[in-house]
Amino acid sequence: MAGPVAADPLEGTWKTGMDTGTSGLASSKAYVHVHIAPCGAALCGKMTRAFGFNGEYTSPNIGKTMLVDFVPDGKGAYAGTLWRPSNGKTYPATVRLKKNGKLQLKACIEGTPLCQKQTWKRVD
């Protein structure tokens, strides 16, 4: 009989970095909590809570998948697709668990060297 399968170290809830959306205004700053869990043979992350300039709010994006089909890339990271709620676009992305326990997300505009990084902190 097989023993229990260990959870992936990325599983859990993470607080994203700040996103100013398409406006770039400080008053537009927002972050969300994303719960990462298995989805078939991959990992996916769904938005569970949203926070803006004035605190937590009810976003129409709660429950939507932000991290889609992330799988190990063989280089110590996971690769998949990121959906950015502020503009509704998707980007190829990687996530990597750092030694300090934080998650580094890197998303790029496909076919270009234009990329952005965010550091996420574990909530649970």
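Predicted model: local features only at pLDDT ≥ 70, side-chain atom pairs only at ≥ 80, totals over all residues.
**Entry 1: overall layout**

I started by reading along the sequence, and the pattern that came out is β-β-β-β-β-β-β-β-β. My tally of the elements gives nine strands and zero helices. I also looked up burial for the protein: of its 124 residues, 31% count as buried.

**Entry 2: Thr13**

Next I went to Thr13, which I found in strand E1, residues 12–15. Is Thr13 buried or exposed? Its relative accessibility is 10%, and the cut-off for buried is under 20%, so I put Thr13 down as buried. Then I checked what its side chain touches. The side chain of Thr13 makes a polar contact with the side chain of His35, at 2.9 Å.

I moved on to strand E3, which covers residues 42–52 and includes Gly52. Gly52 comes out at 22% relative accessibility. Buried would need a value under 20% and exposed one over 50%, so Gly52 goes in my notes as partly exposed.

**Entry 3: the salt bridge**

How many salt bridges does the structure hold? I found one. The partners are Glu56 and Arg49, whose side chains meet at 2.6 Å, N to O. As a reminder to myself, side chains of opposite charge can pair when their charged atoms come close. I looked up accessibility for both partners. Glu56 has a relative accessible area of 44%, which makes it partly exposed. Arg49 has 34%, and I list Arg49 as partly exposed too.

**Entry 4: the positive patch**

Which residues form the positive surface patch? I wrote down Lys75, Arg96, Lys98, Lys99, Lys106 and Lys117. I picked Lys99 out of that list to follow up. Where does Lys99 lie? I found Lys99 in the loop between strand E7 (89–97) and strand E8 (103–108). Its relative accessible area is 93%, and exposed means over 50%, so Lys99 counts as exposed.

**Recap for my own use**

Thr13 is buried and sits in strand E1. Lys99 is exposed, in the loop between E7 and E8. Glu56 and Arg49 make the salt bridge.

Terms used
Residues numbered from 1 in each chain as written. Heavy atoms only, no water. Patch = residues over 30% accessible without salt bridge, like charges linked within 9 Å, V, L, I, M, F, W, Y side chains within 5 Å. Areas by Shrake-Rupley, 256 points an atom, 1.4 Å probe, with all protein chains shown as cover. Salt bridge = Lys/Arg side-chain N within 4 Å of Asp/Glu carboxyl O. Lys, Arg positive; Asp, Glu negative; His and termini not counted. Charge placed at Lys NZ, Arg CZ, Asp CG, Glu CD. Helix = DSSP H or I, 4+ residues; strand = E, 2+ residues; numbered from the N terminus. Buried < 20%, exposed > 50% of the residue type's maximum accessible area, 1.4 Å probe, protein only. Polar contact = N/O pair within 3.5 Å; in protein donor to acceptor, adjacent residues only side chain to side chain.
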